[in-house]
Amino acid sequence: MPTRWYRERKGEGFYRKAKREGYRARSAYKLLQINDRYEVIGKGDLVVDLGAAPGGWSQVARELGARVVAVDLDSMKPLEGVSFIKGDITEDGTVEKILQQAGAADAVISDLSPNLTGNYVMDQARSVWLAQSALRVAERLLVERGNFVCKVFMGEDYPDFLAQVEQRFTLVKAFSPQASRKRSSEIYLVAKNFAGATETQ
Ligand SMILES: C[S@@+](CC[C@H](N)C(=O)[O-])C[C@H]1O[C@@H](n2cnc3c(N)ncnc32)[C@H](O)[C@@H]1O
């Protein structure tokens, strides 16, 4: 069994690799690993990237040949081929701006994370709330058979959220990328083939 020190160093390995390879965040490797396995983003796609700053996922989506609309509470340095919207994804005004900018999307990807308080129950509930906001955006934007990727913290509210995603997509997998820190309780739901919104929420 690897020691905690070893596991954390392994996580830092992706941080150094990101610096060396010009990615703005180590999380870029999570999306690369997700896409290698599930092919959620393809050439020519329009991708909406939620919780995008500092821009690692948008960089990866661009490399995969997608056009990107990126959204975050924080500012983000410009990236070629990426339109940026500064706003809170839980607010209707921000969702309207995304709709105006993107129209329709082939994939909605969300790496949204709450500011951590250290109280896991609270952090987990806020993570699921952000994930539900991302799902609402996906429902309004995705083309039929579109794809959705969403970070969420495991815990009490997770099974209900998973059920909501399963009602809307024909293939749903929970994936833990190698680039996630080993002690992290985050997982990524990878949902393919949007089948349309349902009544239940
Ligand atoms: C883990 S970071 C994303 C890293 C990004 N995927 C990358 O590769 O560079 C999570 C982001 O979610 C954003 N965020 C958190 N709550 C938000 C909200 N309500 N609306 C928009 N962005 C939010 C944070 O500002 C933060 O930049």
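Predicted model: local features only at pLDDT ≥ 70, side-chain atom pairs only at ≥ 80, totals over all residues.

Student: What holds paired strands together in general?

Tutor: Strands of a sheet pair through backbone hydrogen bonds, in either a parallel or an antiparallel arrangement.

Student: In which sense do strand 1 and strand 2 pair?

Tutor: Strand 1 (residues 46-50) pairs with strand 2 (residues 67-72) in the parallel sense, over five bridges. For example, Leu 50 has Val 71 of strand 2 as its bridge partner.

Student: How many bridges are there between strand 1 and strand 4?

Tutor: Strand 1 and strand 4 pair over four bridges, in the parallel sense. Val 47 stands opposite Ala 107 of strand 4, and Ala 107 in turn stands opposite Asn 147 of strand 5.

Student: And how do strand 4 and strand 5 run?

Tutor: Strand 4 and strand 5 run parallel and are joined by five bridges. Among the pairs between them, Val 108 has Phe 148 of strand 5 as its bridge partner.

Student: Are those two strands mostly covered or mostly open?

Tutor: Five of the six residues of strand 4 are buried, so that strand is mostly covered. In strand 5, nine of the 12 residues are buried, so strand 5 is largely enclosed by the rest of the structure.

Student: How do the axes of helix 5 and helix 6 lie?

Tutor: The axes of helix 5 and helix 6 (residues 158-168) come within 10 Å and cross at roughly 10°. Angles under 35 degrees count as roughly parallel, and therefore helix 5 and helix 6 are roughly parallel to each other.

Student: Which residues make that contact?

Tutor: Helix 5 contributes Gln 124, Val 128, Ala 131, Gln 132, Leu 135 and Glu 139, while helix 6 contributes Tyr 158, Phe 161, Gln 164, Val 165 and Arg 168. Sorted by class, the contact has six nonpolar, three polar and two charged residues.

Student: What about the largest nonpolar core? How many residues has it?

Tutor: The largest nonpolar core has 35 residues. Those with the most contacts inside this core are Val 48, Leu 50, Ile 98, Phe 148, Phe 161, Val 165 and Phe 169. Helix 5 (residues 120-141) gives the largest share of this core, eight residues. Apart from this core lies another, of 28 residues, among them Tyr 23, Tyr 29, Leu 31 and Tyr 38.

Student: Which residues is Val 165 in contact with?

Tutor: Leaving aside neighbours within four places in sequence, Val 165 is in contact with Leu 135, Phe 148, Val 172, Leu 189 and Ala 191.

Student: Back to helix 5: is Ser 127 buried or exposed?

Tutor: Ser 127, which lies in helix 5, has 1% relative accessibility and so counts as buried. Not counting residues up to four places away in sequence, Ser 127 touches Pro 114, Val 152 and Phe 153. Ser 127 and Val 152 are 25 residues apart in sequence, and their C-alpha atoms are 5.8 Å apart in space.

Student: Which residues does the cis peptide bond join?

Tutor: The cis peptide bond joins Ala 53 and Pro 54, with omega about 5°. Pro 54 lies in the loop between strand 1 and helix 3 (56-63).

Student: One last topic. Where is Glu 39, and what is its phi?

Tutor: Glu 39 is in the loop between helix 2 (28-38) and strand 1. Its phi is near 50°, a positive value in a residue other than glycine. Glu 39 is exposed, with a relative accessible area of 60%.

Student: And what is phi for Arg 145?

Tutor: Arg 145 has a positive phi of about 70°, although it is not a glycine. Arg 145 is found in strand 5, and at 58% relative accessibility it counts as exposed.

Conventions
Residues numbered from 1 in each chain as written. Heavy atoms only, no water. Core = buried A, V, L, I, M, F, W, Y, C linked by side-chain atoms within 4.5 Å. Buried < 20%, exposed > 50% of the residue type's maximum accessible area, 1.4 Å probe, protein only. Contact = heavy atoms within 4.5 Å. Pairing = 2+ DSSP bridges. Axes fitted to C-alpha atoms, helices over the stretch in contact; angles between N-to-C directions. Parallel < 35°, antiparallel > 145°, perpendicular 65-115°, else oblique. Nonpolar A, V, L, I, M, F, W, Y, C, P; charged D, E, K, R; others polar.
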